[in-house]
Each structure stands twice: as structure tokens, then as C-alpha cells.
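Here is a short briefing for a first look. Please view the sequence and the structure, then read the points by topic.

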Amino acid sequence: MKMLQELTDITFGYSFRGAIEGNPNGNYRVIQARNISSDSTFEDPSELERVSIDSTRSEAFVKRGEVLITSRGATVGGFKATLFDCDSDLPVLASSSLFILHSIKEVLPEYLVAYLNSDKAQRELQDRATGATVRSIPRS
């Protein structure tokens, strides 16, 4: 069985310095772990928080067909994955509470999301997670 890092490039979301401050005239939208519902879907991109940032690294942008997975969770099923399968009026940044799976190879992104949300994958993620109360999965 192939490891996840053999199937995709994994990057961290954008690390905001402090709380994310919304701006109705912001130049980016930001998707956060809280935007991914328990059924692994997320809000319409037009409903995502708008933020103003002068410049940012390009790896934190999310494109259609990429997979997002929460990097922190409390229990089995706590690491939710979703497919970013829509267009947005503004570029979308993932926050640091998410990993972005870019350049997915050999599997359909939809399958990868279904697998990552399965009980088996959730147990594997929990086995690799660190922390006592709020578990986090390392990028490796």
C-alpha cells in the first residue's frame, strides 16, 4: 500500500499571525477547519471569510480538485477531509488548521477524500497523531 506522500504533495495552510480578521473588501477568501462540516463538505466559497493580505506564499492557495484535511482533531473521525471542487470569485487560502493535498497522482481526489474519511484511515491518522487533548497529525 502506498503512503499518502507518494500520492500527493502535502503543504501547510497559511499561518496567520494572530486571529483571522475578516474584511468585507478583502482580496482573498480563507477556508478554515470550521468551514468543513461533519459530512465533509464546506460552505459555498462566496460564504468564506474575506481577508486582506499584502502578499502570501503560493502553496497555501487552494485550487479545484485539491483535497483539504484538518490537521487537528479530538477523536476518531476528527480529521475531516473534503474536496475543493468549486470556483470562487477570489483566490482561496487554506488556514494553518488544514493540510492541502496538491498534485494528486494515481487516485481520484474523490476516492482519496472517501478513504481519508473512512474509519480505517481515521484510526491510522489517530495512531500517528500527537497531543493529549487536541490531537494533531504531523505532515510527515
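Buried means under 20% relative accessible area, exposed means over 50%, and partly exposed lies in between (1.4 Å probe, protein chains only). This is a predicted model, in which local features need pLDDT of at least 70, side-chain atom pairs count only at pLDDT 80 or more, and totals for chains, interfaces and linings use all residues. Residues are numbered from 1 along each chain as its sequence is written, and side-chain values use heavy atoms, with hydrogens and water left out. Helices (H or I, at least four residues) and strands (E, at least two) are DSSP runs, numbered from the N terminus.

**The sheet**

- Four strands make an open sheet, ordered β1-β9-β5-β7, with antiparallel pairing. Two strands pair if DSSP finds at least two bridges between them.
- β1 (9-12) and β7 are the edge strands, each with a single partner strand, so one side of each has no neighbour in the sheet.
- From one strand to the next, the twist averages 30°. Axes here are lines fitted to C-alpha atoms, for helices over the stretch in contact, and angles run from 0 to 180 degrees between N-to-C directions.

- Strand β5 covers residues 66-70 and is mostly covered, with five of its five residues buried.
- Glu66, Leu68 and Thr70 point one way from β5, while Val67 and Ile69 point the other way.
- β5 pairs with strand β7 (residues 81-84) in the antiparallel sense, over four bridges.
- In β7, Ala81 is the bridge partner of Ile69, and Phe84 is the bridge partner of Glu66.
- β5 also runs antiparallel to strand β9 (residues 98-102), joined by four bridges.
- In β9, Phe99 is the bridge partner of Ile69, and Leu101 stands opposite Val67.
- In β7, Ala81 and Leu83 point one way and Thr82 and Phe84 the other, and all are buried.

**Helices**

- Helix α2 (residues 109-116) lies across β5, β7 and β9. Its direction is at about 165° to β7. Contact means heavy atoms within 4.5 Å.
- Helix α3 spans residues 119-128, and its buried residues are Ala121, Gln122, Leu125 and Gln126.
- Seen down the axis of α3, these buried residues fall within an arc of 140°, so they line one face of the helix. The arc is that of the directions from the helix axis to the C-beta atoms.
- Asp119 and Asp127 are exposed, on the face of α3 turned away from its buried side.

**Salt bridges**

- A search of the whole structure finds four salt bridges. A salt bridge is a side-chain nitrogen of Lys or Arg within 4 Å of a carboxyl oxygen of Asp or Glu.
- Arg29 forms a salt bridge with Asp89, with the closest N and O atoms 2.9 Å apart. Arg29 lies in strand β2 (residues 28-31) and Asp89 in the loop between β7 and β8 (92-94), so the pair ties together parts that are 60 residues apart in sequence.
- Is Arg29 buried or exposed? Arg29 is buried, at 5% relative accessible area. Asp89 counts as exposed, at 55% relative accessibility.
- Arg34 forms a salt bridge with Glu49, where the closest N and O atoms are 4.0 Å apart. Arg34 sits in the loop between β2 and β3 (49-51) and Glu49 in strand β3, so this pair links distant parts of the chain, 15 residues apart.
- Arg34 is exposed at 62% relative accessibility, while Glu49 is partly exposed at 33%.
- Asp87 forms a salt bridge with Arg64, and their closest N and O atoms are 3.1 Å apart. Asp87 lies in the loop between β7 and β8 and Arg64 in the loop between β4 (61-62) and β5, so the pair ties together parts 23 residues apart in sequence.
- Asp87 counts as exposed at 61% relative accessibility, and Arg64 as partly exposed at 45%.
- A network of salt bridges links Arg64, Asp85 and Asp87.
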